[in-house]
Amino acid sequence: MSEKVNQQKPKYYITTAIAYTSGKPHIGNTYEIVLADAIARYKRSQGYDVFFQTGTDEHGQKIELKADEAGISPKEFVDNVSTEIKRIWDLMDTSYDKFIRTTDADHEKQVQKIFKKLYDQGDIYKGYYEGMYCTPCESFFTESQLVDGKCPDCGREVQPAKEEAYFFKMSKYADRLIEHINTHPEFIQPVSRKNEMMNNFLLPGLQDLCVSRTSFKWGIPVDFDDKHVVYVWLDALTNYITGIGYDADGDSTEQFAKLWPADLHLIGKDIIRFHTIYWPIFLMALGLPLPKQVFGHPWLLQGDGKMSKSKGNVLYADELVDFFGVDAVRYFVLHEMPFENDGVITWELMVERLNSDLANTLGNLVNRTVSMTNKYFGGTVTDKGAAEEVDADLKAVIENTPKAVDEKMEGLRVADAITEIFNLFKRCNKYIDETMPWVLAKDEAKKDRLETVLWNLIQGISAGAELLESFMPSTSRKILEQLGGGHVTDKPEILFQRLDIEEVMKKVEELHPHTEKEPDAGEGSSENEAVIDIEPKDEITFDQFGAMQFQVGEIIACEEVKKSRKLLCSQVKIGSQVKQIVSGIKAHYTAEEMVGKKVMVLVNLKPAKLAGVLSEGMLLCAEDAEGNLSLMVPEKDMPAGAEIC
C-alpha cells in the first residue's frame, strides 16, 4: 500500500531564473536560489515529488564584451563564471536537481529547432530594427519607452542601434494572454506585478519582439541564416523546457510529460516582463501549457543603497558565510525579505539578528534544555503526566504552528513562515520562565513535574526544529540530534556564537576599506554638483505641518484634459478610495506612462476645478532650474495609502 502511495506522489516543478554569467553573484543574486531551495525543501516535506532546476545564462553581447576585456574567449569566460556561481549555490546548501547551462549542446540544439519551428509556422519574420539598445539588459526600446533617456529596466545609458533582425509577432497572442491572466489570478504574484504588466505593457498594445541579432557573434546561431544569433531572452527562457527534455520535433521525454507545466517560476521583479509576457507567448506559439505561477520577488538591498563595486558595498555570500555560517546567512536573507517590498541587509543588522534570534532565542533555548535534562535526569526524560494549566498554551502553540507555517508557505510568504517557527521557540523560552525548572529541582516532590516540563520543552523545540529544516537544514539536523526524542546528548553543542559588533566591523573595514570620502557636516557641494537655491518661505509650526495629510497613491488611470495643453487627469488609488487629481505635468509625462506609478499625494487639499475638471488633491513633484519636473516617488515599493510622515 505504501509503495502505491509513493508512486502517486504529486509532482512539483520549481525553477529559478538562470543566473547571468557576467560576474560573481552578490548576496542579492544569491537570495533567489536560497528562497527557491526553502520552497523546494518544504514541498518535499509535504510529500511532493520535487524537481528543482537552476543554472546559468551564458550568451549575449555583454558576455562577448567582457570576455574581450579579459583577453579570453567567451566560452572560457562563461566556464569560469558558471563554475563560481555553482560553487556559491552549493556553498549555500541548496538542493537543486539540475544545473543547466545555456551553452549545453542539447539546449543549443533545441533552441535552434524552436526558432525554426516558430519561423516555419509564421510567428517569426525577418525585418530591420532601429531603436535604442541597452547592452546590460540585452533589450531594445523605443524612445517613448525610455525613462529620462535611459533604460526603463536598469536606468543605464542606451545606444542607438540599427540592424537586420528576425521578429516575433507578439500581438498575435496578446488577447489570449490577457484572457489567461484575467481568468488565472494566481498566475502572476504578487498582484502588484500583475497590475504593472497589464497596465504598462499588455493593455497599451504589444510591439513585435526582436528575436535575433547580427551585431555580435556570441550566441546560438540561427541554423538557416548564419548571420544571425538567437536573441538571448528566447535562448534563456526556453531553458525551463529544454532542461527537462522538451523536443520541438515532438519527441519530448517522459520527464517533460511528467513535469510540465512548471508549478513555479521564481524570478526577480526586474525580469517579470520577460516571464509573464514574452515567455507565455512563446509557449502559446509552441502549443504548450503555461506555467502555473510566476512569482516576482523583491530585491535585497545594501543598507546604504544599491550594491555597487565602485562603492565597495557589495556583499558576497561566501564572505558572509565566513563571518556568520551558512544557516545564519540563509536565515537572514529569508527572514528579512518582505513579501512585496525590498529588503535591506547590513553587517550591523546581521550581527543583531545572529545575537538576538539565533544565539539567544534559539541557541540558548536548546542549550538550557539539554543542560537541564542532563543535570536533573542524566540525559533522559519521559512524559510523567504531571500537567498543569500553563502546559495547555504551549501545547496549543506546538499543535498550531505547523498549520500556520503551511498557510504562509502556500502563499509563498516565506519570511512569515519562519516568524511562526520562531514564535514557537519564543513560547518555549517563556514556558521556562513560567515553570522555573531550577526551582522545581529543589523539591523532590516536584520531580515528576520537572520531568514533564522538560519533556514538553523537548517536544516543542523538536517540532520547531523539524519545521526549520526547509530554511536552516544544518541547524535543524543539529538540534534534532541533540534532543534525540527525549534522550539528549551528553553536552549541548553551541549552535550560534554571539559576535561583538565592533570586532565584526573592524574586520569588515579590513576587508573593504572605504575608498570614498564622505563629506563633512556643513561641507559645501563640489563645484560640479548641481544645486538650486530658492526663495525661502515663512516658517511654519509643527501643528501647521501636521494639518497636511500626505499618502502614497497608485495611479490606476490617466488621460489628457482636452481643454488644456498642460493638464493630465489621474485616477489615484489611496487606500480603499480613488481620488481624481489634475496636474500640470503634460509636458513631462504622457498619460500612458503615468499608469501604474506609485506617487506622493497631498490628500486633504481643498477640491478645486482646473480647466473645468474637479481635482481632489495634489501630486508632489520636484522642479529643476530649467523647469523640468519629476514626480516624487517612494524609494521602496509601498502600498497605496501608506502615510508619508
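This is a predicted model: local features need pLDDT of at least 70, side-chain atom pairs count only at pLDDT 80 or more; totals for chains, interfaces and linings use all residues.
1. Disulfides. The structure holds 0 disulfides.

2. Cysteine 151. The closest cysteine sulfur to that of cysteine 151 belongs to cysteine 134, at 3.7 Å. A disulfide requires sulfur atoms within 2.5 Å, so the distance of 3.7 Å is too far for a bond. Cysteine 151 has a relative accessible area of 2% and is therefore buried.

3. Cysteine 210. For cysteine 210 the closest cysteine sulfur is again in cysteine 134, but here the separation is 14 Å, which is also too far for a bond. Cysteine 210 counts as buried, with 4% relative accessibility.

4. Geometry of H14 and H16. Helix H14 spans residues 347-377 and helix H16 spans residues 414-435. Their axes come within 10 Å and cross at roughly 50°, so the two helices are oblique to each other. The crossing of H14 and H16 is left-handed.

5. Residues in the contact. From H14, the contact is made by Asp357, Leu358, Thr361, Leu362, Leu365, Arg368, Thr369 and Met372. H16 contributes Phe422, Phe425, Lys426, Cys428, Asn429, Ile432 and Asp433. Sorted by class, the residues in the contact of H14 with H16 are 8 nonpolar, 3 polar and 4 charged. Leu358 of H14 and Phe422 of H16 are among the residues making the contact.

Technical notes:
Residues are numbered from 1 along each chain as its sequence is written. Side-chain values use heavy atoms; hydrogens and water are left out. Buried means under 20% relative accessible area, exposed over 50%, partly exposed in between (1.4 Å probe, protein chains only). Axes are lines fitted to C-alpha atoms, for helices over the stretch in contact, and angles run from 0 to 180 degrees between N-to-C directions. Helices (H or I, at least four residues) and strands (E, at least two) are DSSP runs, numbered from the N terminus. Angles under 35 degrees count as roughly parallel, over 145 as roughly antiparallel, 65 to 115 as roughly perpendicular and the rest as oblique. A crossing is left-handed if the near helix is turned anticlockwise from the far one by less than a right angle, and right-handed if clockwise. Contact means heavy atoms within 4.5 Å. Ala, Val, Leu, Ile, Met, Phe, Trp, Tyr, Cys and Pro count as nonpolar, Asp, Glu, Lys and Arg as charged, and the others, Gly among them, as polar.
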